[in-house]
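Have the model open as you read.

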Amino acid sequence: MTAKTPPSQPPKSAGWGPVSRHVAANVLRFRTDRGLSTTRLSAALKELGHSIPATGITRIEKGERRVDTDDLVALALALNVSPVALLLPAAEDSEMPIELTEKVALPARKAWAWTDGDEPHATTERDKYGQVLRFRLDSRPEWDRDPIRKMYNNVLRETSDRNAMAGQSGEFAMENGQLVLRADDGRVVQRFSPTDEA
């Protein structure tokens, strides 16, 4: 006799990656947290102009039906969460590894920061802060880019001046949403908030 897979962890179906499994588990979790039957969720989806029958929702939750991007957006609207909340598991620990592909896993805090458009999943040591700003710039719509663009351009123009302020090379780091310039000895030379103008 084989043990049943818990409903919060759909089986690893052929062709299903980790994010598909996260979505299936999250649809079930949010639906039950809200006290919705599959029939009521199906009706809510229909009102939004995207039909998934109750049996389809059950199949999603069991890992028997994949969710495409249109399904994902409609389910997020119907469950009143962001699409990201369906893509990633609700980790209890910020350091818990979250699988994004079969070969890539990130600590929960980093996975959420990446999907929220706050920081890239990986950076190199060279111009780390510039990479973060470039990622943020590319992750925002045109109408919401000005503050980030100003910061990015400012960093590009004044890197050598800021390094000189640090007393040699210095190092940029993101701390609590701010750019912090630290000297080689670790002292804070300057803090730059996201609203600093170029």
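Valine 27 touches Leu41, Ile60, Glu61, Leu75, Leu79 and Leu86, leaving aside residues up to four places away in sequence; a contact here means heavy atoms within 4.5 Å. Keep in mind that this is a predicted model, where local features need pLDDT of at least 70, side-chain atom pairs count only at pLDDT 80 or more, and totals for chains, interfaces and linings use all residues. Residues are numbered from 1 along each chain as its sequence is written, and side-chain values use heavy atoms, with hydrogens and water left out.

Val27 sits in helix 1, among the buried residues there (buried is under 20% relative accessible area, exposed over 50%, partly exposed in between, with a 1.4 Å probe and protein chains only). Helices are DSSP runs of H or I with at least four residues, strands are E runs of at least two, and both are numbered from the N terminus. The buried face of helix 1 packs against helix 2 (38-47), helix 3 (54-61), helix 4 (69-79), helix 5 (83-87) and strand 1 (97-99). Just past helix 1, glycine 35 takes a positive phi of about 70°.

Now for the core. A nonpolar core is a set of buried Ala, Val, Leu, Ile, Met, Phe, Trp, Tyr and Cys residues joined through side-chain atoms within 4.5 Å. The largest one has 18 residues, and Val27, Leu41 and Leu45 are among those with the most contacts inside it. Helix 4 gives the most to this core, with 6 residues. A second, separate core of 7 residues includes Ile98, Leu100, Leu106 and Ala111.

Finally, leucine 48, in the loop between helix 2 and helix 3, is partly exposed, at 44% relative accessible area.
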